[in-house]
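Biologist: I would like to learn how to read the packing inside a protein model. Could we go through one together?

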Amino acid sequence: MKKIAISFTGLYRPNIQIPPMKSIELMKKKFGADLYFHTWYGREHEVPEVYRTQIGKFFPSKEPKMDYHPVFDPEPTTNPKHHWYRRTRFDGRKTINGNKQIISYAQLFEMIPKKYDIYIKTRWDTAINPKFNFEQFYPLLEEGPVGFMTRAEGPNAHDYTLTKHRVVPKTKSETENNDWHDMLSDTIVMHKEKHFDPKLVMKLHREKQLLSSEWGWWQVMSKPFGGDGHTCIYGGCHIIR
């Protein structure tokens, strides 16, 4: 049996469609995992006492101040969607904090014992399909991280409550997709210890080069190993609004 650690980061928001407590219990049961939790100093009171002192381990840390924009300022990827965001300066006020999720995971990861076969990064507001077969992707983790996501609408829409999935084609063609090339789906990311270096994350942040969101996860977990070893999956999980 695989030894697995699941990390929950971000802001704890209780008033969403599927309460975090339900999602956390489903994930713990699904993966048989140890649990680790994180939020920023000053927001600890928002996290229920059970996660701070009873279930799993809780490690808050200092929230970084952003003096650069993680979409517009670092060296660009070749991902077409990234180029569109940079060209249009789209949603800049919202995306200014887009790489804090990577920083928070780096800070938490340093506190997690390195005794696990698989590490899973997720968010407080993630819901999973407990019938989905995540285990089928474990063999791919030797090559690189595996990221999961679903879209609610558009040509790549996928219902996470279904047990089926779709693997995003590993192609650099702009006409086929922009959900794999130079990006890693990040609602859930499964990986081996060797594919995540928190010191690299902090180095890029100090140099104002840490990218936002899916591009940033690719930057720190796939790019150092050639950039093509990661896998992106439609299915299995969803961010609950």
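**Reading the packing**

Modeller: One caution before we start: this is a predicted model.

Biologist: Which residues touch the most other members of the largest nonpolar core?

Modeller: I6, F31, F148 and M190 do, in a core of 29 residues. Elements that each supply at least two residues of this core include β1 (4-9), α1 (20-31), β4 (118-123) and β8 (188-191). A second, separate core has 28 residues, among them Y68, V168, F196 and Y234.

Biologist: What does M190 touch?

Modeller: Leaving out residues up to four places away in sequence, its contacts include F31, I118, Y119, F134, L141 and F148.

Biologist: How should I read a helix?

Modeller: An α-helix has 3.6 residues a turn, so residues three or four places apart point the same way. In helix α5 (residues 100-109), nine of the ten residues are buried. Among them are K100, Q101, I102, Y105 and F109.

Biologist: Which elements do the buried residues of α5 pack against?

Modeller: They pack against strands β1, β2, β4 and β8, and also against α6 (198-206) and α7 (213-221).

Biologist: Why does Y36 count as buried?

Modeller: The cut-off for buried is under 20% relative accessible area. Y36 counts as buried because its relative accessibility is 5%. This tyrosine, Y36, lies in strand β2. Its contacts beyond four places in sequence include I6, F8, F59, L108 and Y116.

Biologist: How far apart are Y36 and F59 in sequence and in space?

Modeller: They are 23 residues apart in sequence, and their C-alpha atoms are 7.7 Å apart. With Y116, the side chain of Y36 makes a polar contact of 2.7 Å.

Terms used: Residues numbered from 1 in each chain as written. Predicted model: local features only at pLDDT ≥ 70, side-chain atom pairs only at ≥ 80, totals over all residues. Heavy atoms only, no water. Core = buried A, V, L, I, M, F, W, Y, C linked by side-chain atoms within 4.5 Å. Buried < 20%, exposed > 50% of the residue type's maximum accessible area, 1.4 Å probe, protein only. Helix = DSSP H or I, 4+ residues; strand = E, 2+ residues; numbered from the N terminus. Contact = heavy atoms within 4.5 Å. Polar contact = N/O pair within 3.5 Å; in protein donor to acceptor, adjacent residues only side chain to side chain.
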